[in-house]
Amino acid sequence: APTQVRHAPKQPEPQPRKIWLQLASGPNAKALPGEFRQIKSTARELLDGIKGYVARSPERTRLVIGPFKNTTDAETFAQGLESYDVDAFRWTNTDRDTIVPLGTE
């Protein structure tokens with residue numbers, strides 16, 4: 001049988017630095033869609049139409065929303081989430097992070 005030629009996976013393009021809000025993090029990316037559904041059901045009005053993203057760093061996986069135009073927009077949105085008892089904090093990715101829409105990771 002002919003041998004299969006394996007191509008090395010293409011390295012993702014470096015990500016530009018952007019401002020996000022982190023809603024959750026941990027080692028298990030598979031738990032993040034469920035966490036996002038739970039957070040969305042808590043703050044339904046605020047998160048209506050908002051997509052979640054998975055940001056992979058060498059040390060952890062984060063559930064984030066954004067990107068935001070600036071820190072003020074991110075802080076304002078975080079305060080809105082706080083009114084629903086949802087903790088969120090501002091996070092800026094580095095060029096080593098890989099960010100993909102939730103559910104496609």
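**Note on selected features of the predicted model**

1. Pro67 belongs to strand β3, which covers residues 61-68, where strands (E, at least two residues) and helices (H or I, at least four residues) are DSSP runs numbered from the N terminus. The peptide bond that leads from Gly66 into Pro67 is cis, its omega being near 0 degrees.

2. On the basis of these remarks, the model is a predicted one, in which local features need pLDDT of at least 70 and side-chain atom pairs count only at pLDDT 80 or more, while totals for chains, interfaces and linings use all residues. Residues are numbered from 1 along each chain as its sequence is written, and side-chain values use heavy atoms, with hydrogens and water left out.

3. How many aromatic pairs does a search of the whole structure find? The search finds two, a pair being counted when the ring centres of Phe, Tyr or Trp (for Trp, the six-membered ring) lie within 6.5 Å, with planes under 30 degrees apart called stacked, over 60 edge-to-face and the rest tilted. Trp20 and Tyr53 make an edge-to-face pair, with 5.4 Å from centre to centre and 65 degrees between the planes. This pair joins distant parts of the chain, since Trp20 sits in strand β1 (residues 19-26) and Tyr53 in strand β2 (residues 53-56), 33 residues apart. Trp20 and Tyr53 are both buried, which here means under 20% relative accessible area, as against exposed at over 50% and partly exposed in between (1.4 Å probe, protein chains only).

4. The rings of Phe68 and Phe77 form a tilted pair, because their centres are 5.6 Å apart and their planes stand at 55 degrees. Both of these residues, Phe68 and Phe77, are buried.

5. Asn93 is placed in the loop between β4 (89-92) and β5 (98-101), and it counts as buried because its relative accessibility is 0%. Its side chain reaches the backbone oxygen of Pro16 at 3.0 Å and the backbone nitrogen of Lys18 at 2.7 Å. When neighbours within four places in sequence are left aside, Asn93 is in contact (heavy atoms within 4.5 Å) with Gln15, Pro16, Arg17, Lys18, Trp20 and Ile99.

6. Is Asp85 buried or exposed? Asp85 counts as exposed, because its relative accessibility is 74%, and its place is in the loop between α3 (71-82) and β4. The phi of Asp85 is near 60 degrees, which is a positive value in a residue other than glycine.

Notes: Polar contact = N/O pair within 3.5 Å; in protein donor to acceptor, adjacent residues only side chain to side chain.
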